[in-house]
Amino acid sequence: MKTHKPLKTIKSFKAPASNGESMNVRAHVFVSGRVQGVFFRSETQHEARRRGVKGWVRNTPDGRVEAVFEGEEENVKSLIEFCRRGPEGAVVTGADVIWENYVGEFRDFEIRHGYRF
């Protein structure tokens with residue numbers, strides 16, 4: 001299995017500024033480390049549904065976990081913090097977060113299988 005080179009720092013592009021009101025955001029997240037085979041996807045799905053966050057999560061061929069989160073800013077940020085820790089058994093070495101424009105395309109949070117380029 002090909003492994004992704006561990007990141008030395010956790011990268012995060014700045015989240016959109018909010019005016020104190022609840023606003024919907026979208027984050028594209030790549031998590032590195034020992035994150036496959038430790039129930040990372042199923043625990044992320046559970047945590048996302050608990051927070052009302054929509055989107056998906058999947059394993060990538062290079063050993064990372066990739067996810068897209070959409071929902072209220074506070075809930076998405078909380079889910080990103082969960083990903084930076086990971087479930088029991090995971091060893092997270094990095095989390096890249098790319099803030100994108102909110103789309104509102106998801107009805108639920110799903111685990112995706114396979115990877116399409």
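Me: What share of the 117 residues of the chain counts as buried?

Reply: This is a predicted model: local features need pLDDT of at least 70, side-chain atom pairs count only at pLDDT 80 or more, and totals for chains, interfaces and linings use all residues. Residues are numbered from 1 along each chain as its sequence is written, and side-chain values use heavy atoms, with hydrogens and water left out. Buried means under 20% relative accessible area, exposed over 50% and partly exposed in between (1.4 Å probe, protein chains only). Of the 117 residues of the chain, the buried share is 43%.

Me: In what order do the elements run from the N terminus?

Reply: Helices (H or I, at least four residues) and strands (E, at least two) are DSSP runs, numbered from the N terminus. The chain has two helices and five strands. From the N terminus on, they run β-α-β-β-α-β-β.

Me: In what order do the five strands stand in the sheet?

Reply: Two strands pair if DSSP finds at least two bridges between them. Here five strands form an open sheet with mixed pairing. β4 (91-100) and β5 stand at the edges, each with a single partner strand, so one side of each lacks a neighbour in the sheet. The order is β4-β1-β3-β2-β5.

Me: How many bridges join strand β1 to β4?

Reply: Strand β1 covers residues 24-34, and β1 and β4 run antiparallel. The number of bridges joining β1 to β4 is nine.

Me: Which residue of β3 is the bridge partner of N24?

Reply: β1 and β3 pair in the antiparallel sense over eight bridges. β3 is mostly covered, with seven of its eight residues buried. In β3, the bridge partner of N24 is E72.

Me: Which residue in the turn of the β2-β3 hairpin has a positive phi?

Reply: β2 and β3 pair in the antiparallel sense over six bridges. V57 stands opposite A67 in β3, and R58 stands opposite E66 in β3. The hairpin has five residues between the strands, and the turn residue with a positive phi of about 95° is G63.

Me: Do β2 and β5 pair in the parallel or the antiparallel sense?

Reply: W56 stands opposite E110 in β5. β2 and β5 pair over three bridges, and the sense is parallel.

Me: At about what angle does α1 run to β5?

Reply: Axes are lines fitted to C-alpha atoms, for helices over the stretch in contact, and angles run from 0 to 180 degrees between N-to-C directions. α2 lies across β1, β3 and β4, at about 155° to β3. α1 lies across β1, β2 (54-59), β3, β4 and β5, and the angle of α1 to β5 is about 175°.

Me: How many aromatic pairs are there?

Reply: Rings of Phe, Tyr and Trp (its six-membered ring) pair if their centres lie within 6.5 Å; planes under 30 degrees apart count as stacked, over 60 as edge-to-face and the rest as tilted. By this rule, the number of aromatic pairs is two.

Me: Why is the pair of F40 and F82 tilted?

Reply: F40 is buried at 2% relative accessible area, and F82 is buried at 7%. F40 lies in helix α1 (residues 40-51) and F82 in helix α2 (residues 73-85), so the pair ties together parts 42 residues apart in sequence. The ring centres are 6.3 Å apart, and the pair counts as tilted because the planes stand at 45°.

Me: What is the angle between the planes of F69 and F109?

Reply: F69 and F109 are both buried. F69 lies in strand β3 (residues 65-72) and F109 in strand β5 (residues 109-111), so the pair ties together parts 40 residues apart in sequence. This pair is tilted, at 5.9 Å centre to centre, and the angle between the planes is 35°.

Definitions and conventions. Contact = heavy atoms within 4.5 Å.
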